[in-house]
Amino acid sequence: MPSEQAGSWIALAAGDLDRAEAQARAESRLAPTDAEPVLTLAEVALMRRDSPTALAHATRALELRGDDYDALLVTAVVHARQGAYAAAIDTLKRALRYDRVERRATVFLAVLEATGELDDRAVDKRPNCLLAHLHSYLRIYDPSQARPASRYAQRAIERGDRADDAHVTLALVHTKQHRPSRAFAAFQQALAVNPRNTAALLGAARYRANRGEVAEEYRLTRAAFEADPNEPFVVETLHELLVGKLGDYRQALAMAEAAVAHNARDAEAWWRLGQVQARLGDHRKALQGYQQAAALAPRTAELEGGIGDALFEVGRDGEALAAYRRAVALDPLRSHPHGGLGRLHGRARRWNEAIQEYEVVAMLGGGVAVGLCEMYWEAGRRNEVATCVTAVLARDPDNHQGLALLEHVRGAQRSASTQR
């Protein structure tokens, strides 16, 4: 069940469409930038078989929350009902590239119903490539759906029904069945049909990445970007490769600057610009990028954490504290803002508060930070310092702060031994 604005969705799930619609409209008036009630209105229209209204609301939900999985599925169902099969496939492709699923059981049921309706058509009337994608989605819940997905994909290839996308569907089935070589071969076949198929390019790039072939991974990812430079998922994939793996911050910066010049209301582009400016050490510009993103889209824990980091670096500690606390409120299980709070408390010499935050980072799976070891040292908790530094150096033997602190620990131990 969706966590936000659940009231209207509960009425929808209970089958009370009139109450669901009334509640969703009331929720939208109270929170006009919240996608959840808009999505409920889309589902209400979908259940009433009012496709134009359902499509309008789903489109609005996607404007409020880009690539929302549920909204994409509702959009695909509407297109399928309207006979706009190419549009339905394109929308499903956008959804299926993510490693997540819908939040609403009602959306899953709508897709299931639409698939059944298309399956029941006469063989020569079935949209094979679309059905391949629909069964590929259903395979997430039922592995046996791989068989009809593959069967429809083969028919689509034989009949020239978006054969490149059908090959990609076969590749995804092979991937989920842990047959990477077959998956790569299918991606290659897709590219033989359409060298600009971004799903095939990115799929082949993932295969190369898993083999440690970074140059090929970059070439294929860059080709996907050049094929569709305005597609958010493709742009984000290349950005992550440049920033996270290659360290090519200058190219990432040029991409982000071009994106905000193309569309000054692209919150994700402003976020990427802020992120790369932070990596380049220009924290004031990073803060500007993050604040622009925050002004254009609902705030997330990740965004608030980035704002906190930038504020910390420019010495605006009070504002940084507030940003990190907002990040924790948005996602208490995210370790990064707790680390930020630990750094702030440490700078203010609030040793115990800093220790508490760093220990939360470790409990949340963020690892033992060298900052925690330093706080133990400052608080005079010498036994814990040694254990902490040992854990840090076991994970990162070249950690300079850890090595320096280890020398302090050993020096203190030698001093104590001499005094005895």
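Select Tyr141. It is partly exposed, with a relative accessible area of 40%. Partly exposed lies between buried, under 20% relative accessible area, and exposed, over 50% (1.4 Å probe, protein chains only). This is a predicted model: local features need pLDDT of at least 70, side-chain atom pairs count only at pLDDT 80 or more, and totals for chains, interfaces and linings use all residues. Residues are numbered from 1 along each chain as its sequence is written, and side-chain values use heavy atoms, with hydrogens and water left out.

Tyr137 is buried, at a relative accessible area of 0%. Now show Phe108 as well: ring pairs link Phe108, Tyr137 and Tyr141 into a cluster. Rings of Phe, Tyr and Trp (its six-membered ring) pair if their centres lie within 6.5 Å; planes under 30 degrees apart count as stacked, over 60 as edge-to-face and the rest as tilted.

Zoom out. The whole structure holds six aromatic pairs. Go to Tyr98 and Phe233. Their ring centres are 5.1 Å apart and their planes at 85°, so this pair is edge-to-face. Tyr98 sits in the loop between α6 (85-96) and α7 (105-119), Phe233 in helix α14 (residues 232-246), so the pair ties together parts 135 residues apart in sequence. Helices (H or I, at least four residues) are DSSP runs, numbered from the N terminus. Tyr98 counts as buried at 18% relative accessibility. Phe233 also counts as buried, at 18%.

Back to Tyr137 and Tyr141: their pair is edge-to-face, 6.2 Å centre to centre, with 75° between the planes.

Last stop: charges over rings. The criterion is NZ of Lys or CZ of Arg within 6 Å of the ring centre and within 35 degrees of the ring normal. Select Arg347: its charged end sits over the ring of Phe312, 3.8 Å from the centre. Then Arg151: its charged end sits over the ring of Tyr152, 5.7 Å from the centre.

How values were computed
Helix = DSSP H or I, 4+ residues; strand = E, 2+ residues; numbered from the N terminus.
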